[in-house]
Amino acid sequence: MACRVQYSIHNSLRFLSSSSSSSLLTSLNSRKIRFKSSRYFSFSRGSLYCTCTAANTPKSEHPFVLTTPLYYVNAPPHMGSAYTTIAADAIARFQRLLGKKVIFITGTDEHGEKIASAAAANGSSPVEHCDSISQSYRALWRELDISYDKFIRTTSPDHEAIVKEFYSKVLANGDIYRADYEGLYCVNCEEYKDEKELLENNCCPVHLKPCAHRKEDNYFFALSKYQKQMEEILTENPDFVQPSYRLHEVQGWVKSGLRDFSISRASVDWGIPLPNDAKQTIYVWFDALLGYISALSEDEKQPNLQGAISSGWPASLHLIGKDILRFHAVYWPAMLISAGVSLPKKVFGHGFLTKDGLKMGKSLGNTLEPTDLVHRFGVDAVRYFFLKEVEFGNDGDYSEDRFINIVNANLANTIGTLLPKLHK
């Protein structure tokens, strides 16, 4: 598994220098690995996992901070969110093998109109709904043996305090103003859409549902002010967005002209109130993106922005699905520049998962439940298949026949016959 991750890092993420990876392989090859007594590995539920720590890492070395998206709790976790987190976990484990201090952040995004609607539909309060779905994510991460270090919920008081402080910094920088806005809004994306990117009948290209026409009095972030800076960042730092074809996509968005975007909602009660206007709540993306920073302050008694930043920011990698690339590669960097905060080192947008060549959805009756897969085939088989068979960055397809064939051929017949020999 580590070798597969090493390949992915070299060829897709390029985190490591060749010298660091070759020294690791030389070190491992120079000794006979004894699984029973090794301080590097342990068995868990029949699985072999790295248990390395960064005890020998110099304290001055910046930690490797890795994040998944903060998953939206309108519904229970699905295979798409599990795939991102499995990939992130493999990267985190590999970085620990290199002796680095790793801070692996995941969590849940719990504000917004869609959350309030989902809670109402289930006959529960937003708090009850968020508690339930957030817990289901934690339960699934346990099933998948995810070795995260921080789990942040955007409804936590610590997170709210940092969001308000960040908002106030951007406001003081003159980048927030009030204005009326009229346009087509996708509730599922929690985003106003440009008409030219919509499908027939003003349908969202992601969710295939009609966008609603809205007119609101909101507060806006002056994204257009950072047009030139964003162009320069993407040109001078070609590894900032990966894979390279995602970078070209982002450059296309930026070159077409950045437009200011609304960062408050007058009609949504379930959210963090604006520090300068309690009648409005902070837009869910402006809120959720700060979770990557607020997660670093979870152990502090009095959380503040600078304290969180000094605990590990900037992030080494944001690992996300390609559908939220614009928020992470355009909106987020501009927001950070405005607040005087360093940018993350890399944003990697991976592809979608399909099943038997078709997009998964409840209407098609072809959803893939990660818990069911684990219970039927075991956690090792699930992790192995999606790490090995999905080319990292591209879309990937699942079929049960292929899954069974790959697991039998590789895990059972190849690795399965090797381990007993090494264990003797």
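1. The model under discussion is a predicted one.

2. Overall composition. The protein chain contains 15 helices and 18 strands. Of its 424 residues, 51% count as buried. Among contacts between residues at least 6 apart in sequence, 75% join residues at least 24 apart.

3. Apart from neighbours within four places in sequence, Val330 is in contact with Leu223, Met230, Val250, Trp253, Val254, Leu258 and Leu325. The C-alpha atom of Val330 also lies 9.7 Å from that of Tyr226, although 104 residues separate the two along the chain.

4. Packing of helix 3 with helix 14. Two packed helices are described by the angle between their axes and the distance between the axes. For helix 3 (residues 79–97) and helix 14 (residues 379–389), the angle is about 85 degrees and the axes are 10 Å apart. Helix 3 is therefore roughly perpendicular to helix 14. Helix 3 contributes Met79, Tyr83, Ile86, Ala87, Asp89, Ala90 and Arg93 to the contact, while helix 14 contributes Val382, Arg383, Phe386 and Leu387. By class, the residues of this contact comprise eight nonpolar, no polar and three charged.

5. Burial of helix 14. Helix 14 is largely enclosed by the rest of the structure, because eight of its 11 residues are buried. The buried residues are Val379, Ala381, Val382, Arg383, Tyr384, Phe385, Phe386 and Leu387.

6. Thr154. This residue is found in the loop between strand 5 (150–153) and helix 6 (157–172). Its relative accessibility is 0%, so Thr154 counts as buried. The side chain of Thr154 reaches the backbone nitrogen of Glu110 at 2.8 Å. Beyond neighbours within four places in sequence, Thr154 is in contact with Leu70, Thr108, Asp109, Glu110, His111, His159, Ile272, Asp287 and Ala288.

7. Ser294. Helix 10 (residues 291–294) includes Ser294. With a relative accessible area of 1%, Ser294 is buried. Its side chain makes a polar contact with the side chain of His159, at 2.7 Å. Not counting residues up to four places away in sequence, Ser294 touches Ile152, His159 and Ile162.

8. Cysteines. A search of the whole structure finds zero disulfides. For Cys203, the closest cysteine sulfur is that of Cys211, and the separation of 7.5 Å is too far for a bond. Cys211 is likewise in no disulfide, the nearest cysteine sulfur being that of Cys186, 4.8 Å away. A disulfide requires cysteine sulfur atoms within 2.5 Å. Cys203 counts as buried, at 14% relative accessibility, and Cys211 counts as buried at 10%.

How values were computed. Residues are numbered from 1 along each chain as its sequence is written. This is a predicted model: local features need pLDDT of at least 70, side-chain atom pairs count only at pLDDT 80 or more; totals for chains, interfaces and linings use all residues. Side-chain values use heavy atoms; hydrogens and water are left out. Axes are lines fitted to C-alpha atoms, for helices over the stretch in contact, and angles run from 0 to 180 degrees between N-to-C directions. Helices (H or I, at least four residues) and strands (E, at least two) are DSSP runs, numbered from the N terminus. Angles under 35 degrees count as roughly parallel, over 145 as roughly antiparallel, 65 to 115 as roughly perpendicular and the rest as oblique. Contact means heavy atoms within 4.5 Å. Ala, Val, Leu, Ile, Met, Phe, Trp, Tyr, Cys and Pro count as nonpolar, Asp, Glu, Lys and Arg as charged, and the others, Gly among them, as polar. Buried means under 20% relative accessible area, exposed over 50%, partly exposed in between (1.4 Å probe, protein chains only). A polar contact is a pair of N or O atoms within 3.5 Å; within protein, one must be able to donate a hydrogen and the other to accept it, and residues adjacent in sequence count only if both atoms are side-chain atoms.
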